[in-house]
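Dear colleague,

Please find below the structure that I promised to hand over, together with its sequence.

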Amino acid sequence: MYVHGLGATSAPYYAEVAAHPALPRRRSLLIDLLGFGISDRPQDFSYTLEAHADALAEALRKAGVAGAAVIAHSMGGAVAIVAAARHPGLVADLILVDANLDPYPVTPPRPGTSGIAAYGEEEFVSGGWKEVRDRVGPHWWSTMRLADLRGLHRTAVSLAQGTTPTMRELLIGLTAIPRAFLFPEGDEPDGAGELRAAGVRVLGIPESGHNIMLDNPEAFARTLATLLPS
């Protein structure tokens, strides 16, 4: 199962990799979280990381899946960690792609970043989203524009706040399942030594940035092939 990041949708990010001949032939689910891509946009949904994790778990159950290999990018990685912790048995392998592991302070938006959590919800919905559109550029906006504005904002705020325990602490505690953290080579994540000591495989992917699966799909797919059960 593949899970996208904030303001993204799974098919454009993962379709090429999911069909790569190096990967085992198995059922692949490209999931759009609620409020994103082509999924529903319930107005009474909280859009917290925990709520997304529970919805993700329910989607797996409805699809008749248990013991899934989950590949999750950025914010989606945070959701996947929470899902694995809250729903034991549903996730059998967890592969995080430059995922968010820690809460972060809400600061004035910087060029190239979304800065969504720096807005109040009504401020964002009434016009702040236009500033985000202009800041993130056409590539990211091509999928972000599909997101429900309130869902996008609430998810961003929850991601900034993080979870209790933190996503990092939850990941370290998931000792019963194989875990990996993929990052752009040359930009090792904070606390990489602690992750490795906890049994998490921390692997750099060459010639890539944050969107590893788009920047170097060949290396990404071949790395997945070494991590996924055959």
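How many salt bridges does a search of the whole structure find? The search finds 10, a salt bridge being a side-chain nitrogen of Lys or Arg within 4 Å of a carboxyl oxygen of Asp or Glu. Please bear in mind that this is a predicted model, in which local features need pLDDT of at least 70 and side-chain atom pairs count only at pLDDT 80 or more, whereas totals for chains, interfaces and linings use all residues. Residues are numbered from 1 along each chain as its sequence is written, and side-chain values use heavy atoms, with hydrogens and water left out.

One of the salt bridges joins aspartate 102 to arginine 168, with 2.6 Å between the closest N and O atoms. Aspartate 102 sits in the loop between β4 (91–97) and α4 (121–136) and arginine 168 in helix α7 (residues 167–173), so this pair ties together parts that lie 66 residues apart in sequence; helices (H or I, at least four residues) and strands (E, at least two) are DSSP runs, numbered from the N terminus. Arginine 168 counts as buried at 11% relative accessibility, while aspartate 102, at 33%, counts as partly exposed, where buried means under 20% relative accessible area, exposed over 50% and partly exposed in between (1.4 Å probe, protein chains only).

A further salt bridge is formed by glutamate 122 and arginine 150, whose closest N and O atoms are 2.8 Å apart. Because glutamate 122 belongs to helix α4 and arginine 150 to helix α6, the pair ties together parts 28 residues apart in sequence. Through shared partners, salt bridges join Glu121, Glu122, Arg150 and Arg154 into one network.

Within helix α2 (residues 49–62), lysine 62 and glutamate 58 lie four residues apart, about one turn of the helix, and their side chains meet in a salt bridge at 3.9 Å, N to O. Lysine 62 is exposed, at 69% relative accessibility, and glutamate 58 partly exposed, at 36%.

As for the strands, six of them form an open sheet in the order β2-β1-β3-β4-β5-β6, with parallel pairing, two strands being paired if DSSP finds at least two bridges between them. At the edges are β2 (30–31) and β6 (201–205), each of which pairs on one side only. Strand β5 (residues 179–184) pairs with β6 in the parallel sense over five bridges, and phenylalanine 183 stands opposite glycine 204 in β6.
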